[in-house]
Amino acid sequence: MPIKIKLCVLGDPSVGKTSLIRHYCEGFFKEDYLSTIGVDFNRKTMDIDINGETNQVMMTIWDIGGQTLWAAVRRNYLNGAQGILLLFDLTNRSSLSHIRDWFMDVTNVLGDQVPISIIGNKSDLEFNPNVNTIAKDLCSTLRADLRCYTASAKVGTNMDQVFEDMALEILTKIKEESE
Ligand SMILES: Nc1nc2c(ncn2[C@@H]2O[C@H](COP(=O)(O)OP(=O)(O)O)[C@@H](O)[C@H]2O)c(=O)[nH]1
Ligand SMILES: [Mg+2]
């Protein structure tokens, strides 16, 4: 029986949430995912090694669309999430400036122990390297243990890394808590 994990992906519209999830779960990138209506989810099974022991993990990855403004919907969606990816677009400064709000939102619902990674997406495009510096600074001020990546949902750069690191962190936490 695989260990089940729930992951939620949040961030401003058009930062690439659906693209990242679908590329990771389905193995290819499409230019034209429809703007996500409501809530969608994808699944991916993976093998995660901890101390030489292989664990089969089934990750359900939730993708929320335009209804993020409704607090009640958002709360339902986040309920039970064991890990969070906060996405911004490296070519869109306002999407980075909203990361703090997304972070507050998540920790209001899930508390301050939930594993969170911050991902600057669209690294295949030209972007101002200052943005990455600002993102790293933000990461360390929000919470010391946040991981910060640049990635590309289009090319796949860092894509497996983001999800596998998160799965490992969640699994490690589950195992520690069950001891
Ligand atoms: N160049 C580039 N475009 C991307 C990337 N990820 C997403 N896009 C494009 O950005 C737009 C919004 O992507 P989408 O996944 O729908 O964003 P969402 O609203 O956050 O789910 C689409 O036109 C995607 O093709 C990426 O890594 N690189
Ligand atoms: Mg979407």
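## Basis of the model

Residues are numbered from 1 along each chain as its sequence is written, while chains are lettered from A and ligands numbered from 1 in the order in which they are written. In this predicted model, local features need pLDDT of at least 70, side-chain atom pairs count only at pLDDT 80 or more, and totals for chains, interfaces and linings use all residues.

## Around ligand 1

Ligand 1 has 17 residues around it. A residue counts as near if its C-beta atom, placed from the backbone, lies within 6 Å. Gly16, Lys17, Thr18, Ser19 and Lys154 come nearest. Helix H1 (residues 17-26) gives the most to this shell, with three residues. Helices are DSSP runs (H or I, at least four residues), as are strands (E, at least two).

## Helix H4

Helix H4 covers residues 99-110. Its twelve residues reach 16 Å from first C-alpha to last, close to the 16 Å expected at 1.5 Å a residue. That expected span is 1.5 Å times one less than the number of residues.

Ile99, Trp102, Phe103, Val106 and Leu110 are the buried residues of H4. Seen down the axis, they fall within an arc of 100°, so they line one face of the helix. The arc is that of the directions from the helix axis to the C-beta atoms. Asp101 and Met104 are exposed, on the face turned away from the buried side. Buried means 20 or more other C-beta atoms within 10 Å of the residue's own, exposed 12 or fewer, and partly exposed in between, with C-beta atoms placed from the backbone. Glycine 111 follows H4, with a positive phi near 85°.

## Strands S5 and S6

Strand S5 (residues 116-121) pairs with strand S6 (residues 147-150) in the parallel sense, over four bridges. Pairing requires at least two DSSP bridges between the strands. Isoleucine 118 has cysteine 148 in S6 as its bridge partner.
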